[in-house]
Amino acid sequence: MAILEDVKRQVSPASDEKRLTTEDGKMVEANELGENVVVAGDGTTLAVISPAAERALTRKFDIRILPVLAIMYLFNSLDKSNLGNAKTAGLEKTLGLKDHQYNLILSVFFVPYVLTAPFLAILGKKYGPNRVLPLMMFGFGCFTLLVTAVMNFGGLMTLRWFLGMSESAFFPLVIYYQTTFYRRGELARRLALFYAAQSIASAFSGLLAFGVFQIHSGSIADWRYLFVIEGSCTVLFSFFAYWYLPQSAAVAHFLSPEEKELAYYRMQVDSSSVVNEKFDFRESSKIFEQPTSYVILAIEICLGVPLQSVQLFLPQIVGRLGYDKVKTNLYTVAPNISGAVMLLVLAFASDWTRWRFPFVALGFLFTFLGMIIYVAIDVETQLHVAYFACFMMTWGTSAPSVLLDVWYNNNIAHEGRRVVLTSFGVPLANLMGVVSSNVFQNKDAPKYIPALATTAAFGATGLALTLLLGVWMIIDNQRRDAKAGKKIEVRDIPTEKLRDGPGVPEFRWFY
C-alpha cells in the first residue's frame, strides 16, 4: 500500500479549524474519511495520508525505538535506585557511615540533578536527543561502576554528585524525543511502556540483589557486585544507542523516503507547530508566562515525594514485614511488577478515552490510600494487608508522573517550550527525593510513620490540584466554545495554529 497516494483532483475548501499551512506552503486538512489530505495552494490534492499507513509507521517506531529507549531507562533506574538494595546488604557498615550520612548521600544526588537538567535538555534540543542521551548514559554508567572502588563517605558523596549531573535531563529528553515520533493521542501508552522500565528495573534490581547477595566467597563485599554488573552493562549499551538512534522520525534511517514524508506531516498535523524547529531560548521561555505552568510544577512537586519515597525506600518499607535481607529484596519484586502493569492499564485507558487528568488523579489516590493503610494497621499481625498496601503504593507512583508529563506536553505545540517546561518539571519532581531521603530517618525505623504520613499528605495535595486544574480546563474550553459560537474538539485543531498556546482563540485544552 502506498504511504502517500499522489492524486490530481480538486477539493472544496476546508474549514479554518481543520486546515494548517506547512512550512513549504502546502495545506493539510482532514477529509470525511478521517484521512489527512495534503493540498497545494490552488486546491489540488497532492497526497492522502492513509490511516493504515500510519498504523504501519507507528508499529515500526514501536519495534525499533521504544525497546531501545526502555532498556536505556531501565539502566538509568537501576543506577539511580540500587543504593536501597545495597543498604540491606551492609553498605553502611562497609563504608563506616554514621548518623544521617546515608540520607545525605541520597539527598546530594538531587542538587546537581536539578541544577544541570535545563542546560543538558537545551543541548539535547540543539544537538539531538539521539546524541546527548547515549552520552549521558555513558556518564552515569561510568560513575556507577566507580562505586565499586569507594572506601568512605566522601568518595560515595562525590560519585553521587556526578551521577546526579549525568542523569539529570535523561527523562525530560526522552519525553521530548518521543513527541517527535508520535501524535498527541498516541503518546501516553508509548511513554508508559518506556516508563514501565523503571518499575521493571526496581523489580529486576530486587531479583539481581537476591542473586548477588548469595555470593559469599568473592574478594569484595557482596553489595559491590551490584554496581559492577549494572555499571558495566550500562556503559556497553550506551555505545549501541549512540550508533542506533535516529535524530527524529522525519530522518530515521530505517524509514523509506515516503515514510519519512508521512512522519513529517503527522507531526505537523498533531504534535508540533514547526517540526524540528531551531531552539530559541527567549521564545521558549515564554512558557512561564502561562499560569497553568506553575500549577503543573506544583503537581510535579506533589508527585515527586511519593515517587521518590517508594523508589528509594520500598526495601525498607517491605523490611518491616520481618523478613531477612534476601527475602526482603525478593518481596519487592511483585509490587514493582504490579506497578508497571497498573501504569500500562491507566496509560492505555488514557489514550483510549483521550482524557488525562482523571487518570493522574487516580494514581495519586492509589498511593495515598496505600500509605494510609500501612500506617493505620498493625503490620506484625496483618502481614497480608500490609503487603497489599505496598502494592497500592507502587500503583500510584509511576502513573501520575507519566500521564502528567503527557498531559502538559499535549498542550504545548511549540517544541522549544515543551523542552523547557519538561526540563524544569521532571527534575523538580526528582528534587523531592531530598524530602523523601530526609523524612525516612533511621530513628523512625521500622514503622517510619512520620515519613509515610508526609508522603500521604503530598499525595493528597497532588490529587486536589490535579482535579482542580482538570475541571478548570473543561470550563475554559466551554467558555471558548461559547465565545466562538460552536463546539470545537481538540483533535479538530491542527497544532500549527497552537504555537502561541492559550493566547489564540482556536486553542482548546487537551485534558
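Predicted model: local features only at pLDDT ≥ 70, side-chain atom pairs only at ≥ 80, totals over all residues.
Buried, in these notes, means under 20% relative accessible area.

**Entry 1: aromatic pairs**

I counted ring pairs over the model and got 30 aromatic pairs. I opened the pair F313 and F440 and found ring centres 4.3 Å apart with planes at 5 degrees, so I logged the pair as stacked. Where do the two partners sit? F313 is in helix 13 (residues 291-319), while F440 is in the loop between helix 19 (433-439) and helix 20 (449-484), so this pair ties together parts 127 residues apart in sequence. I then checked accessibility: F313 comes out at 1%, so I count F313 as buried. F440 also comes out at 1%, so F440 counts as buried too.

Back to F507 and W509: their ring centres lie 4.8 Å apart and their planes stand at 85 degrees, so I noted this pair as edge-to-face. I also followed ring pairs through a cluster, which links F61, Y177, F181, Y182 and F254.

**Entry 2: the core**

F61 turned up again when I looked at the largest nonpolar core, which has 137 residues. F61, M72, L91, W223 and Y374 are the residues with the most contacts inside that core. Which helix gives the largest share of the core? I found that helix 17 (residues 383-410) does, with 15 residues.

Setting aside neighbours within four places in sequence, I listed its contacts as A86, A89, G90, L91, T94, L95, V147 and F213.

**Entry 3: helix 7**

I tested the length of helix 7 (residues 153-167). At 1.5 Å a residue its 15 residues should span 21 Å, and the end C-alpha atoms are 21 Å apart, so the two agree. At the N-terminal end I found N152 as the cap, with a side-chain oxygen 3.3 Å from the backbone nitrogen of G154.

Next I listed the buried residues of helix 7: L156, L159, R160, L163, G164, S166 and E167. Looking down the helix axis, I saw them fall within an arc of 160 degrees, so they line one face of helix 7. As a reminder to myself, an α-helix has 3.6 residues a turn, so residues three or four places apart point the same way.

**Entry 4: S166**

I traced its side chain to the backbone nitrogen of F140, at 3.5 Å. Leaving out neighbours within four places in sequence, I have S166 in contact with M136, G139, F140 and F143.

Methods
Residues numbered from 1 in each chain as written. Heavy atoms only, no water. Core = buried A, V, L, I, M, F, W, Y, C linked by side-chain atoms within 4.5 Å. Buried < 20%, exposed > 50% of the residue type's maximum accessible area, 1.4 Å probe, protein only. Helix = DSSP H or I, 4+ residues; strand = E, 2+ residues; numbered from the N terminus. Contact = heavy atoms within 4.5 Å. Expected span 1.5 Å × (residues − 1). Arc of directions from axis to C-beta. Polar contact = N/O pair within 3.5 Å; in protein donor to acceptor, adjacent residues only side chain to side chain. Phe/Tyr/Trp six-rings, centres within 6.5 Å; stacked < 30°, edge-to-face > 60°.
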